[in-house]
Amino acid sequence: MVRIFAVLFMLSVSAPLWSAPQKRFIIKYKKGVLKTNSSKSKNVFIKSLKEESIEELKKNPSIEYIEEDTILRAYRTPGDTEGVIDKYYSKQWHYRTAPGGANLEAAWDITIGSSDVVIAVLDTGILYHVDLETRILPGQDMISDTFIANDGDGRDSDATDPGDFVTESDRCGFTSQSSWHGTHVAGTIGANTGNEIGVAGVMWRSKILPIRVLGKCGGYTSDIADGIRWAAGIEVDGLPINPYPAKIINLSLGGRGECGRYIQDAIDSATEKGSLIVVAAGNSNQNLDEVSYSPASCKNVITVGAVNYDGDRAQYSNYGQRIDIMAPGGENDYRVLSTSNTGTTTSGDDAYVFQMGTSMASPHVAGVAGLVAAFDKTLSPLQIKEAILKNSRNFDTKSNCHESNRCGNGLLDAYKALSSLQLNIPPEVDPIEPEPETPPSDDGHCGETTEKTQSSSFFLSFVLGIVGTCLKKR
Ligand SMILES: [Ca+2]
Ligand SMILES: [Ca+2]
Ligand SMILES: [Ca+2]
């Protein structure tokens, strides 16, 4: 009897007590009910609580609201990173005049961006990459939970991506290799262009502010909301004010559920402060008019769905009237090529990887918003949004986007958005950037890549975002 007990005790000590992220709640107290010397200036507490105590707390008249601090994830689709290719601009159909392309070449004759426009990427963090050199600002690691963070501590000032690989023992409900999702999204927005290396970015001159909010299993809504505030230059408890407030904030992430009050409040405050928030619609092939996703269903954001090369809605993309605009997210043999890494757990070498998802569509819109902001620095977030939405392109007559209420206003068209502004500019004002360099020519090809089909609808419904297909080790 004694021996059995000892074995059990040993087991309970050696096995991890808990690894998956805990259920947390955001508790917002009414103004004035907390003592002024409270450590929390915004009357908000984040706590792990049992469901039973929630009902009791809801009866407390001092509490304005209490909501679950849900876990959101990168909008990537599962896939492999096998196969080796050369990477080059000609593979970036998504920037050009393909039926589903963003029409950037003509837009780059108007502006290639400006180094004083900052775009925040709220994602898995960032890796050093030669094609992002000089573009990355000191950001912030906003992940408060050390298990999710995977870098040994909570919030810190180093937004380096330590990897978000997930094993069975992590008990996230799925397993995956490290995605380097934030590095891919950042490359679409602003990879070094015209440097004869790797890929082009939508903006050739922008600065990218990496804010790490996603790690193992995803990221808590409260960290993402605080990341939005910090990106915009708003005070966040315990952190210095961001010295590089972002004009544009990209969120290639989300999860099923209503837009919570805490994150909506962050979005509204950031908008008021002058930031435009661009969010991915999600990859679950759901109608957003019937099913809510956060932050895709939040107010004061641009919600971006994904099209493929042909300008058809990608099969995975969420849809509905709630979508503001469609942008290239890729599908099948035509995916979005951007900066990445060879590492499957911790980081390895620089790489260029094809991925697909609304996660890839959103940074195209964020980048074009950055071009618009660079062209006319006086525009408000709403004016930038209008310039992009009102000048979206009609879908091709053959596009499945003509099915009722599938794809929002139209397709992202960088040239239309910028040329509409150009017409309004008085002749004496010359905001046009220096002549762009010629993008790198291409003699590469996507060789015998093997692609695993996406077989798991379970996985698709929970994780939305990337498929890496071709990978080039530098
Ligand atoms: Ca940390
Ligand atoms: Ca860190
Ligand atoms: Ca490049």
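Helices (H or I, at least four residues) and strands (E, at least two) are DSSP runs, numbered from the N terminus. The model is a predicted one, in which local features need pLDDT of at least 70 and side-chain atom pairs count only at pLDDT 80 or more, whereas totals for chains, interfaces and linings use all residues. Residues are numbered from 1 along each chain as its sequence is written, and chains are lettered from A and ligands numbered from 1 in the order in which they are written.

Strand 13 (302-307) is mostly covered, with six of its six residues buried. Its partners come next; two strands pair if DSSP finds at least two bridges between them. Strand 11 (residues 276-280) runs parallel to strand 13 and is joined to it by three bridges, and Val 279 has Thr 303 as its bridge partner. Strand 14 (residues 325-328) also pairs with strand 13 in the parallel sense, over four bridges; here Val 304 is partnered by Ile 325.

Antiparallel pairing is found at strand 1 (residues 24-29), which five bridges join to strand 2 (residues 44-48). Five bridges also join strand 1 to strand 3 (residues 63-68), again antiparallel.

Turning to the helices, two packed helices are described by the angle between their axes and the distance between the axes. Axes are lines fitted to C-alpha atoms, for helices over the stretch in contact, and angles run from 0 to 180 degrees between N-to-C directions. Helix 8 (residues 358-375) and helix 5 have axes that come within 8 Å and cross at roughly 35°. Among the residues that meet are Val 185 and Ile 189 in helix 5 and Met 360 and Pro 363 in helix 8, contact being counted if C-beta atoms, placed from the backbone, lie within 7 Å. The residues of this contact divide into five nonpolar, seven polar and no charged. In this grouping Ala, Val, Leu, Ile, Met, Phe, Trp, Tyr, Cys and Pro count as nonpolar, Asp, Glu, Lys and Arg as charged, and the others, Gly among them, as polar.

Helix 8 also packs with helix 10 (residues 414-424), at an angle of about 15° and with the axes 10 Å apart. Helix 8 is therefore roughly parallel to helix 10 (angles under 35 degrees count as roughly parallel, over 145 as roughly antiparallel, 65 to 115 as roughly perpendicular and the rest as oblique). Val 368, Leu 371, Val 372 and Phe 375 of helix 8 make the contact with Ala 414, Ala 417, Leu 418 and Leu 421 of helix 10. These residues divide into eight nonpolar, no polar and no charged.

Finally, some loops hold backbone features worth a look. Trp 180, in the loop between helix 4 (146-149) and helix 5 (181-190), has a positive phi near 50° although it is a residue other than glycine. Trp 180 counts as buried because it has 33 C-beta neighbours inside 10 Å. The peptide bond from Ser 294 to Pro 295 is cis, with omega near 5°.

Key:
Buried ≥ 20, exposed ≤ 12 C-beta atoms within 10 Å, placed from the backbone. Contact = placed C-beta atoms within 7 Å.
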